[in-house]
Amino acid sequence: MSKDAVAIIYTKMLDDDRYRELVADDPGVLDAWDLDDEERAVVVEEATAEVSGFAIGRGPVMGYLSKGPLLSPGVASSLGVSLNHASGLPTGSLKGPGFASGAGCCPWGHPAVPNLGGSVQ
Amino acid sequence: MTEAVAPDRAARPGGRWSTPGLVDELLDLAAVERAAVHVAMGWVPKVPELDDKLALAATIEDGMVRAVGLRQQALTLLERDDEALTVDPAVVVPLRRLDVAAAPDVVVDGVIGGAHRFLLARHRALSTRLDPLYDARLLTVVRSAIDALERSMSGAGPGAGPSPSGDEVLAALGRSWSTASGDRASAVALDEALWGPVDRVPVPARPSGRPRPEAGARAHLRSMSRLEHDDIAGELNDNVMAELSALELLCRCSYEHPELPWSSHLALARHIADEERHAAIFRRLLVERGYDEGELLQHGANYEFAYEFPECEPGSAHELVWRLLILCTVLEALAIDKLPVEIASRDWLGQSDIARFLDYISTDELFHTENGLRLTRQLCEQHGLHPMLERERVHGRFFGRQYAVRAAYLQADPERAAREIEILEGRDPDDMPFTSRTEVDLRRRASFTDEECEQVERWGYNPRRHPALDPAPG
């Protein structure tokens, strides 16, 4: 459970920068969670780190989460959504004018074509 | 009483088994078979001509099956001692040279006209020395190999006929084999006889001279009835491109990670064979309907979007997991949801040939998805990754790329964008009365969990919700 708790706190920090700042400025807010010392340390370290772009998701929390048992599926999925949102990436099918919700989803969705040999970042 | 020392069984007159040096010969043959598959895996995306590309891809599953069969027979004779699975690395040196230095046509000729001819001769020679009762199971493997290699050599397809490149590889393999046999002083573990990737291939090769869509254009935009020639040709052709992309990405997944267990390579090889066959059938449908694929658009979109990611170290297990997650557990799993609609539409319109083929594909997608789930779950467990989290992240990166290229295309030409938006948001040209849903029952049969079904449901690709996703009332 406490590993899930770390992931949930990290998800909250990704979703709400004010919460991340709160954790950084006043780690006492973490007392409400059932964290051990190592977990508390990685969360605080994550909260104080300046990360953006591709570095999002490469901090101490993700390193901690890579050890031990799997996260609960719902917690893992929510964290993925928040990481994508924080990175400016889609969190669902592409929608809006010029897109179709099924676009590029499979051979029958017909993808948008990338630049030949160009950057596809 | 002192126990007598048992005589060395290997020193028995005539050798321990029916044929002198039998185990070493099996292992060396397995190494050559495996190395030929390895070269083919690495080169499939680099071969531009589609006939050549598919001919090379068609060698992969049979070769891997032969390699696994020979390895298993050797392991049996070694009383399951994995550490005794050793080979003389010299036997694969000609194939390593082929991988490093060759051009596409040389590789196709080298694998099919060279390595396969060599292997056919070796298997035939071995079969004459085996005992029909002692070696009955091994004979089954060897005879099956002879049959498969004879089929590979007998056609008029690429690489099957005599060629200087094939002759050169054949001769080099023969020289290596004769110098390698006997002395095992330089033997290495069978798995170490393979070599790591010699390159990265971010863009797959396609035939020169064929048109390519503008970046950001949809690979096929339905602006007319599914019964119109242009729509059928565009649809079938884009499906060829999708199958090629899947085939090529899977090949590189195997080639760039020779450290994977043989069972994983075999599973990838089976999947590759399906994609090769699917591409061949879509091309046959094009021919049967009289379309010239040389005039149709070509691309490698799904391969290019899924080959590498800024979040993953190039060549890492993380990158491999992302490739397999997006291809097998997102794109092909969405095909499980979308195919029932496609099949119903084609049957509704009387296009039975297309509907029948899609039915066949649909059954294969269950294996592809199940295979991808199994491989990625194993890899995630080994490398401390969470499948749900990683699938979410790679989904975002893959479609983020599509979003970026599509948005730039739409902004570049507002009039063109308006025309396409009108098409995309207009009525279906055939008023098809079918819509997709997350096919929970099918996905469960492919080992998707209910949480994973909810994940795809949340992405919003399917307009109808499957009732199994809602709790029963009361």
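The axes of helix H1 (residues 22-43) of chain B and H5(B) come within 11 Å and cross at roughly 160 degrees. Axes here are lines fitted to C-alpha atoms, for helices over the stretch in contact, and angles run from 0 to 180 degrees between N-to-C directions. Helices (H or I, at least four residues) and strands (E, at least two) are DSSP runs, numbered from the N terminus. H1(B) and H5(B) are therefore roughly antiparallel. Angles under 35 degrees count as roughly parallel, over 145 as roughly antiparallel, 65 to 115 as roughly perpendicular, and the rest as oblique.

This is a predicted model, in which local features need pLDDT of at least 70, side-chain atom pairs count only at pLDDT 80 or more, and totals for chains, interfaces and linings use all residues. Residues are numbered from 1 along each chain as its sequence is written, while chains are lettered from A and ligands numbered from 1 in the order in which they are written.

**Confidence**

pLDDT is the predictor's confidence in each residue, from 0 to 100. Chain B has a mean pLDDT of 94, with 99% of its residues at 70 or more. For chain A the mean is 88, and 94% of residues reach 70 or more. Within chain A, helix H4 (residues 60-65) has the lowest confidence, at a mean of 93, and helix H5 (residues 73-86) the highest, at 96. For the complex, the predictor gives an ipTM of 0.93 and a pTM of 0.95.

Two packed helices are described by the angle between their axes and the distance between the axes.

| Helix pair | Angle | Axis distance |
|---|---|---|
| H1(B) and H5(B) | roughly 160 degrees | within 11 Å |
| H5(B) and H6(B) | about 145 degrees | 9 Å |
| H13(B) and H16(B) | about 20 degrees | 11 Å |

H1(B) passes H5(B) in a left-handed crossing. A crossing is left-handed if the near helix is turned anticlockwise from the far one by less than a right angle, and right-handed if clockwise. Residues of H1(B) in this contact include Leu29(B), Val32(B) and Trp43(B); among their H5(B) counterparts are Val107(B), Val111(B) and Leu119(B). Two residues are in contact if their C-beta atoms, placed from the backbone, lie within 7 Å. By class, this contact has 12 nonpolar, no polar and 3 charged residues. Ala, Val, Leu, Ile, Met, Phe, Trp, Tyr, Cys and Pro count as nonpolar, Asp, Glu, Lys and Arg as charged, and the others, Gly among them, as polar.

H5(B) and H6(B) also cross left-handed. Their contact includes Ile112(B) and Leu119(B) of H5(B), and Val142(B) and Ile146(B) of H6(B). It has 10 nonpolar, 4 polar and 4 charged residues.

H13(B) and H16(B) are roughly parallel. Their crossing is right-handed. Met388(B), Arg391(B) and His395(B) in H13(B) meet Glu451(B), Glu452(B), Gln455(B) and Trp459(B) in H16(B). This contact divides into 2 nonpolar, 2 polar and 3 charged residues.

**Interface with chain A**

In the complex, 54 residues of chain B are in contact with 43 residues of chain A. Helices of chain B that each supply at least two residues to this side include H8 (229-255), H11 (317-348) and H13 (387-412). H13(B) gives the largest share, 15 residues. The chain B side divides into 25 nonpolar, 13 polar and 16 charged residues.

**Helix H9**

Helix H9 (residues 262-288) of chain B has 27 residues and reaches 38 Å from its first C-alpha to its last, close to the 39 Å expected at 1.5 Å a residue. The expected span is 1.5 Å times one less than the number of residues. Just after H9(B), Gly290(B) takes a positive phi of about 85 degrees.
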